[in-house]
Amino acid sequence: MSILKKPLVTEKVSALNEKGKYGFVVDVNANKVEIKKAVEDMYGVTVEDVNTMKYQGKAKSRYTKSRIVSGRTNSFKKAIVTVAEGEVIDFYSGI
């Protein structure tokens, strides 16, 4: 089970990166202790704080020739991780 799904690269989270806070989409069943351990192992930084939030999937519908197709997007969980002073996570190092 992979705890960290992908890093969040949005304008709002990029502004938080300057303050030492990084965002990740994580597994829905992961808790804060597991998220902290996964970030420390993967990026080699010291994690001071983890804040999590769950998002319910949105209802979506689209119109096709024959009928209206409706459904939901997937639910997901975000984690905002605060690292120790002076440490950084570089998401773009492998590009």
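Tutor: Start with a definition: two residues are in contact when they have heavy atoms within 4.5 Å. Take the contacts in the chain between residues at least 6 apart in sequence: 59% of them join residues at least 24 apart. Keep in mind that this is a predicted model.

The fold comes next. The chain holds two helices and six strands. Read from the N terminus, the order is β-α-β-α-β-β-β-β. The C-alpha atoms fill a box of roughly 55 × 25 × 20 Å along the principal axes. The radius of gyration is 16 Å, whereas a compact globule of 95 residues would have one near 12 Å. Of the 95 residues, 29% are buried. The accessible surface is about 7000 Å², and carbon and sulfur atoms own 50% of that. The chain carries 17 positive and 11 negative charges, and their mean positions lie 17 Å apart.

Now the rings. Pairing here requires ring centres within 6.5 Å. By that rule there are two aromatic pairs. One of them is Phe 24 with Tyr 43: the centres are 5.8 Å apart and the planes meet at 35°, so this pair is tilted. The two partners come from distant parts of the chain, 19 residues apart. Phe 24 sits in strand S2 (residues 21-26), and Tyr 43 in helix H2 (residues 32-43). Is each partner buried or exposed? Phe 24 has 1% relative accessibility, so it counts as buried. Tyr 43 has 27%, so it counts as partly exposed. The cut-offs behind those words are simple: buried is under 20%, exposed is over 50%, and partly exposed falls in between.

The other pair is Tyr 55 with Phe 76. Tyr 55 belongs to strand S3 (residues 47-55) and Phe 76 to strand S6, so the pair ties together parts 21 residues apart in sequence. Tyr 55 is partly exposed at 33%. Phe 76 is partly exposed at 31%.

Which residues surround Tyr 43? Set aside residues up to four places away in sequence, and Tyr 43 touches Leu 4, Phe 24, Ile 89 and Phe 91. Its ring partner Phe 24 is therefore among these contacts. As for Tyr 22, it is 21 residues from Tyr 43 in sequence, and the two C-alpha atoms are 12 Å apart.

Follow strand S6 next. This strand spans residues 76-83, and Thr 82 is found in it. Thr 82 has a relative accessible area of 14%, so it is buried. Beyond its sequence neighbours up to four places away, Thr 82 touches Gly 20, Lys 21, Thr 46, Val 47, Glu 48 and Asp 49.

Outside four places in sequence, Gly 20 is in contact with Val 81, Thr 82 and Val 83. Across the chain, Gly 20 and Thr 64 are 44 residues apart, and their C-alpha atoms are separated by 46 Å.

Finally, strand S4 (residues 59-63), where Lys 60 lies. Its relative accessible area is 49%, so Lys 60 counts as partly exposed. Leaving out neighbours within four places, its contacts are Val 69, Ser 70, Gly 71 and Thr 73. Lys 60 and Thr 82 are 22 residues apart along the chain, with 33 Å between their C-alpha atoms.

Back to your request. The tilted pair is Phe 24 with Tyr 43.

Conventions: Residues numbered from 1 in each chain as written. Predicted model: local features only at pLDDT ≥ 70, side-chain atom pairs only at ≥ 80, totals over all residues. Heavy atoms only, no water. Helix = DSSP H or I, 4+ residues; strand = E, 2+ residues; numbered from the N terminus. Buried < 20%, exposed > 50% of the residue type's maximum accessible area, 1.4 Å probe, protein only. Rg over C-alpha atoms; globule rule 2.2 N^0.38 Å. Areas by Shrake-Rupley, 256 points an atom, 1.4 Å probe, with all protein chains shown as cover. Lys, Arg positive; Asp, Glu negative; His and termini not counted. Charge placed at Lys NZ, Arg CZ, Asp CG, Glu CD. Phe/Tyr/Trp six-rings, centres within 6.5 Å; stacked < 30°, edge-to-face > 60°.
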